[in-house]
Amino acid sequence: MEHDHEISAPDWAVWLEATALGEVARDSLWLYPIASIAHVLGIALLIGSIVSFDLRVLGVARAVPFAAAARLLLPVARVGFVMIVLSGAVMLAADATHVATNDAFAVKKVLVVLALTNVVLFHRVAWPPEGREPGQLARTLAAFSAVLWLGVASSGRAIAYF
């Protein structure tokens, strides 16, 4: 006896896909490809700068002062994050009913929440005092950060395969 294990899409996904953004993202010759390219560029900016910053926190390139690394890399990460959110909204709207029920998307959502929580903890609890090197908590959170953001990117890429 066969069972239909198909999960129905949540109401928010049906609504999002039916919005003007969802329709334009599906019907436009250029919007979805531009969003996809912007997403990849945003990932490169976010992951590249965050992992570089995390490595500096972990003690790599100590010749670069911590504050200088933060001033250079964190604004780049913020730009990448904004690009990802905006382009991701377009791509999600185009196919929300499929993506909302995708196991890889579920993993990505959890990892994003954990990664953003880690960012808040790092900045509020573990940020070193002016002129000091990051302490053990900062290094631990930096290691988690690198793993979490790489997991976000990997699970996001896996959406296409599930």
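Analyst: Gladly! Let's start with one term: a residue is called buried when its relative accessible area is under 20%. Please keep in mind that this is a predicted model.

User: Which residues of helix 7 are buried?

Analyst: In helix 7, A138, L141, A142, S145, A146, L148, W149, G151, V152, S155 and A158 fall under that cut-off, so they are called buried. Helix 3 (31-57), helix 4 (66-94) and helix 6 (103-126) are among the elements that cover them.

User: How do you know that the span of helix 7 agrees with its number of residues?

Analyst: Helix 7 covers residues 136-158, which is 23 residues.

User: What does the same check give for helix 3?

Analyst: Its 27 residues should span 39 Å, and the end C-alpha atoms of helix 3 are 38 Å apart, so this agrees too. After helix 3 comes G59, with a positive phi near 110 degrees.

User: Which residues of helix 3 are buried, and what covers them?

Analyst: The buried ones are A35, H39, G42, L46, I47, S49, I50, F53, D54, R56 and V57. Their cover includes helix 4, helix 6 and helix 7.

User: What makes a set of residues a nonpolar core?

Analyst: The members must be buried residues of the nonpolar kinds, joined through side-chain atoms within 4.5 Å. The largest such core here has 22 residues, and L46, I50, F53, V57, F122 and W149 have the most contacts inside it. Helix 3, helix 4, helix 6 and helix 7 each supply at least two of its residues, and helix 4 gives the most, with seven. Another core, of eleven residues, lies apart from this one and includes L16, V99, A100 and A104.

User: Leaving aside neighbours within four places in sequence, which residues is L46 in contact with?

Analyst: They are A77, G80, F81, I84 and W149. Each has heavy atoms within 4.5 Å of L46, so the pairs count as contacts.

User: What share of the contacts with a separation of 6 or more comes from residues 24 or more positions apart?

Analyst: Such residues account for 80% of those contacts.

Definitions and conventions. Residues are numbered from 1 along each chain as its sequence is written. This is a predicted model: local features need pLDDT of at least 70, side-chain atom pairs count only at pLDDT 80 or more; totals for chains, interfaces and linings use all residues. Side-chain values use heavy atoms; hydrogens and water are left out. Helices (H or I, at least four residues) and strands (E, at least two) are DSSP runs, numbered from the N terminus. The expected span of a helix is 1.5 Å times one less than its number of residues. Buried means under 20% relative accessible area, exposed over 50%, partly exposed in between (1.4 Å probe, protein chains only).
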